[in-house]
Amino acid sequence: MADVALRKVVKRYDDVEAVRGIDLDIADHEFIVLVGPSGCGKSTTLRMIAGLEDISDGDIMIGGDVVNDVPPKDRDIAMVFQNYALYPHMTVAENMSFGLRLKHYPKAEIKARVTEAARLLDITDLIDRKPKQLSGGQRQRVAMGRAIVRNPKVFLFDEPLSNLDAKLRVQMRIEIKKVHQKVRTTTVYVTHDQVEAMTLADRVVVMNKGRIEQIGTPNELYHKPATRFVAGFIGSPAMNFIPCRLEEVGGTLQIRLTDRIAFPLPPARAARYNGLPRTDRLLLGIRPEHLTEAHAHLAPGVETFDTVLDVTEPMGMETLVYFGLDGTPVCGRVDPNAGAADGAPMRLAMDLNNMHLLNEETGVVL
Amino acid sequence: MSTLAIDKAGPSRKVKLGSMSRDRTWALRWSYFFLVLFAIFFLTPPVYMLITSLKSSAEISAATNPWWVFHPTLSNYAELLTSNQFLRFFWNSAIISITVVIVTMLISIPAAFALARMKFWGSATLATGVFLTYLIPDSLLFIPLFKMLAVVQEFTGITLLNRWYVLVFIYPTLTVPFCTWIMIGYFASIPKELDEAALIDGASWLQTLTRIFIPVALPGLIAATIFAFTVSWAQFLYPLVFTTSVDQLVLPVGITTTLIKGDVFNWGQIMTGALLGAAPPLIIYAFLMDYYIAGLTAGATKG
């Protein structure tokens, strides 16, 4: 097991810069998830750590050693691929032991390690089967088994659950977390699914256009996003961004959303935003769960307004409501018994204690 | 009114479904018709050969029904199979074809692997170039090849012309490009993650080739083997040009040159020789066909 460090790592394909000088420190035993949309450079970063892609600039270190020119087989890493990449002509046991056999481990040790990994992943019964006789979930377990038996310094996962159906994905997510809790190997995991990132990671690295947007624990990213990209990417349904401006009325700082809707800011928020120029074009960032039905007794910092709902989506434990504020589509989450209906008027409450204010031009959360 | 509309819609939908299955039935009937026609067309010559091979020379030349054997005899088979000359041709053909298959595989497999996977400067052009060489017909190549071998023979003093073993060097000019091309396709169809997984597992390029690619691409390898064997076994022009002495001849050339004397055609033995000559490729096809068709890559990745 080892720590991993990336120092100003760059990857260029001809004229295109896929990864633009990223710095990242991954501690020993840590579970790091790289998340971002397609083409953000997350898979390329993982493949550079694996040694499957050369790096154009910078340094990659595993266990304190620079591994820029070390071939994959000497990096002591194991990788799980999106499409499993099992050797089709080998049995499960042969697949799992392939790496150990190449390194001429004693037969008894190979058997012991394969048996232990199979037990850990609950695939002991499948050990003599060929990959084509396995289901998707079983294949992915075998792929993980192949990584575990090597007892490597670092596990690399490249979107391992993307090929599985939704139910199996949730199940495998828990399996992966359990396995990590048991083996504690440093793990770098790539996904485009923010739910996967949030549920698995010790720390999440949000990437966009070849750069790191923010690194933090799942809670930090959710509650304290640094940029509009992170705020919009983490959380489902996504955070609402409503154009707004600050104005001072009778010594109170208030936020104006439309000509008819303006709310006074709670004192803590007012103090924080007081120094901002009133001319800046701003965005109010508010998560759907902070836009709920209005109750009779409102907590401080919660303001109400009337709107007409465009569409409602009953989800069972909650109902998502969609409406417009001066043409900006907005989503809220209300109680299923709150009486929300398509095209019906509704009084909603906005919890400004959980609001974010963003600079519309720079996308920075203020 | 609405009931009427439903009644109308009902039958029309049924007719549509019916027409689909009727289309299929007709498509199948036509397929069978043409396949049977095709089979008759291609099986008639071998059947005629078999019939003729079972006749004596007297019966062949007699004005009887050529499609029937009145006095079947195995004398043609007995004579050929006890003739040292025929067995010599057979032996020459076998040793040349097997060696050519081995040489072809030893060259084509690493070449295809390099061209399909080890991306290097000009690999795509080289891959196309390999295939283009196959497009040059042997009837254009045999004269320059003959000249080349004559020059090499003159300079080195090693006898190359009129020796069966020279064909082992010449046939691969036909088999290597095509087999390499087939295997580039097969290797390219293997998911890239498979060699990356092997690479991370600690395999060298050679180990990736021998332990992953060759077993996984076995159907492709067998297809290439069958092709190389068939081309070598049936080759006529090159052995006709490069070998002349009777003890150096291969089966197709040997049969035509020794069993046709002047304008006397020993039809019975010619047909028998040709049938016996067709047996080895047939046996190979029969045994390897299952492998040839089986898709071994199933289960490697999602799908």
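Reader: Over which residues of chain B does pLDDT stay under 50, with 30 contacts beyond four places in sequence?

Author: Residues 295-303 of chain B. pLDDT is the predictor's confidence in each residue, from 0 to 100, and two residues are in contact if their C-beta atoms, placed from the backbone, lie within 7 Å. Where pLDDT is low, the predicted coordinates should not be read in detail. This is a predicted model, in which local features need pLDDT of at least 70, side-chain atom pairs count only at pLDDT 80 or more, and totals for chains, interfaces and linings use all residues. Residues are numbered from 1 along each chain as its sequence is written, while chains are lettered from A and ligands numbered from 1 in the order in which they are written.

Reader: What is the mean pLDDT of chain B?

Author: The mean is 85, and 90% of the residues of chain B reach 70 or more. For the complex, the predictor gives an ipTM of 0.83 and a pTM of 0.79.

Reader: What makes helix α9 (residues 192-201) of chain B mostly covered?

Author: Nine of the ten residues in α9(B) are buried, among them B:Leu194, B:Leu199 and B:Ile200. A helix here is a DSSP run of H or I with at least four residues, a strand is a run of E with at least two, and both are numbered from the N terminus. The buried residues of α9(B) pack against α1 (42-50), β6 and α2 of chain A, together with α4 (84-117) and α10 (205-216) of chain B. Just after α9(B), B:Gly202 takes a positive phi of about 105 degrees.

Reader: Why are α4(B) and α13(B) called roughly antiparallel?

Author: The axes of α4(B) and helix α13 (residues 251-258) of chain B come within 8 Å and cross at roughly 155 degrees. Axes are lines fitted to C-alpha atoms, for helices over the stretch in contact, and angles run from 0 to 180 degrees between N-to-C directions. Angles over 145 degrees count as roughly antiparallel, under 35 as roughly parallel, 65 to 115 as roughly perpendicular and the rest as oblique. That is why α4(B) is roughly antiparallel to α13(B). Residues that meet there include B:Phe89 and B:Phe90 in α4(B) and B:Leu251 in α13(B).

Reader: How many residues does each chain give to the contact between A and B?

Author: Chain A gives 24 residues and chain B gives 21. On the side of chain A that touches chain B, β6 (77-80) and α2 (92-102) are the elements that give two or more residues. That side has 15 nonpolar, five polar and four charged residues. Ala, Val, Leu, Ile, Met, Phe, Trp, Tyr, Cys and Pro count as nonpolar, Asp, Glu, Lys and Arg as charged, and the others, Gly among them, as polar.

Methods:
A residue is buried if 20 or more other C-beta atoms lie within 10 Å of its own, exposed if 12 or fewer, and partly exposed in between; C-beta atoms are placed from the backbone.
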